[in-house]
Amino acid sequence: MATINQNYQKLAGSYLFVEIARRVAAYKEAHPEADIIRLGIGDVTQPLPQVCIEAMHKAVDEMGKAETFRGYGPEQGYEFLIEAIRKHNYTDRGIDIASDEIFVSDGSKSDTGNIQEIFGTDNRIAITDPVYPVYLDTNVMAGRTGEKQDNGYYAGVTYLPSTAANHFSPSLPTEHVDIIYLCCPNNPTGTTLSREALTAWVNYAKKEDAVILFDAAYAAYITEPDVPRSIYEIPGAKDVAIEFRSFSKTAGFTGTRCGYTVIPKTVTGKGKDGSRVKFRDLWNRRHTTKFNGTAYIVQRGAEAIYTEKGQRQVKELVSYYMENARIIREGLQAAGIKAYGGVNAPYIWLQTPNNMPSWDFFDLLLTKVNIVGTPGVGFGPCGEGYFRLTSFGDRENTKRAVERIKNQLKF
Ligand code: PLP
């Protein structure tokens, strides 16, 4: 009989969004007239930039002619896209990244989830609490953790509490860890790490011979000049950090699918005989074995955002969501609710009034003002007492939601 990967049995069910859907459906059934506004999910609502549409139409036409048809492409991505990424996000910003250190993919969820495969299962991981769940769950699947305990934590994992008390900038671990997941700008808290904080992490990683997995999926949302856009702005990071980027939130590609991972050749780990092995070479081996490249049409669409016109259109898109973020932040303030994030990220992380548990606040918002958000505790035990709203809705709904909160909820 085939046996299963028993690590999967350690996983908690995908409780968060299932439970949200259940509560919303139950409310809707009891109140069919309710005009529910959803500010819960991390998905975009605005159409793709026009430059992407035009580039993809052109690419479709190329696929229709024998002379320009493309079959399998390079697994790592087409040169035209890699060079555009390299120039725009790295070379022009004074960061030296080689073309063969960039791997185009179908998005950062796959990359941040799959990357752990090239690390030994005996590595100890550190994750922030609260956290984007993919980092933890993929390590549970791989057997890099023990069982989930009654306090909500998995045995064998180092959790880094990230709350208002430490300004959402977790302290360095007091024990040795081998792999550190950092997400900046952060989902779910919408906050960022300062240059000083990132420097401390890079120095820690160097001292402990650890690797930082740096998720910069929301880099396009940074508005403050001093927040690093890339971890490679920090001296020494090229020796210890792998960076993930995505076109999903940058250019509305959540349904179109494209992202990339940067692995400098200087990031190495210990091999069987004690020699240093380049993680880049292992990822290259994995990528070429398990992935057959992102669609040509999609890569042409992604390339288009790096043109002058493309940059203008992407900035407009990001500004649209960030204006929503401002409206939400200021509305919450007016209602007497303390809120974080929303300045360099499309997420607002609010502190529930009167220390209300996250799920109680969810019910209050749903039943009193018909707004759906995400309970903070769903992202980890330290998320208890917090709640996430997203600015990815359309403007009209965002404004209507905020008016309801301002006029009908006062704390
Ligand atoms: N990383 C973070 C922190 C995210 O919040 C998300 C999506 O919500 C992703 C990665 C996944 O992005 P992609 O659409 O590129 O898979």
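Tutor: Happy to! The lining of the largest pocket divides into 23 nonpolar, 15 polar and 9 charged residues. Here Ala, Val, Leu, Ile, Met, Phe, Trp, Tyr, Cys and Pro count as nonpolar, Asp, Glu, Lys and Arg as charged, and the others, Gly among them, as polar. This is a predicted model, in which local features need pLDDT of at least 70 and side-chain atom pairs count only at pLDDT 80 or more, while totals for chains, interfaces and linings use all residues. Residues are numbered from 1 along each chain as its sequence is written, and side-chain values use heavy atoms, with hydrogens and water left out.

A pocket is an open set of points on a 1 Å grid over the protein atoms alone where a 1.4 Å probe fits, with protein on both sides within 12 Å along at least five of seven lines; lining residues have an atom within 4 Å of a point. The largest pocket has 47 lining residues, and Phe17, Tyr132, Pro133, Val134 and Phe379 lie nearest its centre. Elements giving two or more residues to this lining are α1 (15–30), α4 (108–114), β3 (125–129), α5 (133–142) and α7 (248–251); helices (H or I, at least four residues) and strands (E, at least two) are DSSP runs, numbered from the N terminus. The most comes from α5, with 7 residues.

Now the second largest pocket: 24 residues line it, with Arg93, Ala219, Ala220, Thr250 and Gln311 nearest its centre. Two or more residues each come from α3 (79–90), β7 (241–246) and α10 (308–334), and α10 gives the most, with 6. This lining divides into 13 nonpolar, 7 polar and 4 charged residues.
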